[in-house]
Amino acid sequence: MRRLVAETRLHPAELVLPLFVKEGIREPQPVPSMPGVVQHTRDSLRKAAHEAVEAGVGGLMLFGIPERKDAVGSGATDPDGILNVAIRDVVGEVGDATVVMADLCLDEFTDHGHCGVLDAAGRVDNDATLERYAEMALAQAEAGAHLVGPSGMMDGQVGVIRSALDEAGHHHVGILAYTAKYASGFYGPFRDAVESSLRGDRLTYQQDPANAAEVLRELALDIAEGADIVMVKPAMAYLDIVRLVVDAVDVPVAAYQVSGEYAMVEAAAANGWIDRDRVIRETLTGIRRAGASIILTYWAVEVARWLHRER
């Protein structure tokens with residue numbers, strides 16, 4: 001009876017699996033703060049992509065971890081850089097069987113760990129960063145990405161990327177815009193996973209957790225600049241923002257259940273404090289109930305398999 005009258009349902013095709021691939025390793029490396037998550041080799045990444053496709057997961061979001069970093073994130077635009085190679089690997093392996101997405105940001109590739117290029121005073125230079133984002137978008141499109149995900153929160157990033165893609169003939173490549181990316185304390189385990197070099201903080205370009213109206217201004221800009229999908233990050237502490245965005249637009253809305261949200265559940269379950277599987281399902285249902293039609297979650301494959309078994 002509960003199943004018959006349920007108002008909110010999860011489906012594997014709505015789930016996106018974030019994946020990390022690290023340059024120069026021979027075996028997958030566990031991420032200690034994210035039980036069950038690894039830094040992949042190129043080979044294990046291909047295998048993980050196959051498993052996700054078999055489970056019916058809707059998409060894969062790829063993050064690269066280079067061996068070398070520099071001030072401008074050169075590895076992000078190098079055709080032979082780890083992220084662009086990984087995109088080619090995954091597209092070559094699974095083709096169009098799932099949506100291959102790539103994180104479009106410099107933070108994994110810069111030696112200072114910020115999402116953009118720094119000026120002489122050590123501040124993020126928005127316009128100089130946009131030039132790098134345009135180059136990065138072209139590199140990812142040429143590698144075969146279906147969607148690029150600009151996550152750096154630079155002003156004007158969606159418009160610059162859309163123009164660069166269109167001018168190069170990549171009209172088919174879509175943009176998943178990180179419209180509401182908050183300066184959150186929930187990102188800690190992710191920074192372990194990508195071996196972040198961050199010095200300082202990102203308070204000057206990520207959003208204030210206290211603010212909601214600001215999101216509507218960012219949303220209007222992203223839509224006007226050509227975003228195909230918009231996203232709220234993190235998800236669980238920002239369900240009101242998810243609903244606010246859903247009610248304001250007619251494009252698909254995604255939410256990213258981030259590393260800290262994942263780690264909290266896994267840690268509490270490991271201590272026997274909560275029913276792990278029940279809480280995982282409850283958190284995802286809550287995000288879906290808030291209106292997100294796409295959910296990025298590190299449990300994507302596991303949950304997709306649960307859902308198939310229940311059919």
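This is a predicted model: local features need pLDDT of at least 70, side-chain atom pairs count only at pLDDT 80 or more; totals for chains, interfaces and linings use all residues.
Visitor: Which side chain does Arg42 meet in a salt bridge with an N to O distance of 2.7 Å?
Guide: The salt bridge (a Lys or Arg side-chain nitrogen within 4 Å of an Asp or Glu carboxyl oxygen) spans 2.7 Å from N to O. It links distant parts of the chain, 47 residues apart, with Arg42 in helix α2 and its partner in helix α3 (helices being DSSP runs, H or I, of at least four residues). That partner, which counts as buried because its relative accessibility is 11%, is Asp89.

Visitor: Where does the other end of the salt bridge between Asp89 and Arg46 lie, given that Asp89 is in helix α3?
Guide: The closest N and O atoms of Asp89 and Arg46 are 3.3 Å apart. The pair ties together parts 43 residues apart in sequence, because Asp89 lies in α3 whereas Arg46 lies in helix α2.

Visitor: Which residues are linked with Asp89 in a network of salt bridges?
Guide: Asp89 pairs with Arg42 and also with Arg46. The network of salt bridges links Asp89 with Arg42, Arg46 and Asp43.

Visitor: How far apart are the axes of α2 and α3?
Guide: Helix α2 covers residues 42-55 and helix α3 residues 82-94. Among the residues that meet (heavy atoms within 4.5 Å) are Leu45 and Val53 in α2, and Val85 and Val90 in α3. The helices pack at an angle of about 45 degrees (on a scale from 0 to 180), and their axes are separated by 9 Å.

Visitor: Which residue forms a salt bridge with Arg281?
Guide: Arg281 lies in helix α10 (residues 276-289) and its partner in the segment after α11 (300-309), so the pair ties together parts 29 residues apart in sequence. The N to O distance is 2.5 Å, and the partner is Glu310.

Visitor: How many salt bridges does the structure hold?
Guide: The pairs described above include Asp89 with Arg42 and Arg281 with Glu310. For the structure, the number of salt bridges is 14.

Methods: Residues are numbered from 1 along each chain as its sequence is written. Side-chain values use heavy atoms; hydrogens and water are left out. Helices (H or I, at least four residues) and strands (E, at least two) are DSSP runs, numbered from the N terminus. Buried means under 20% relative accessible area, exposed over 50%, partly exposed in between (1.4 Å probe, protein chains only).
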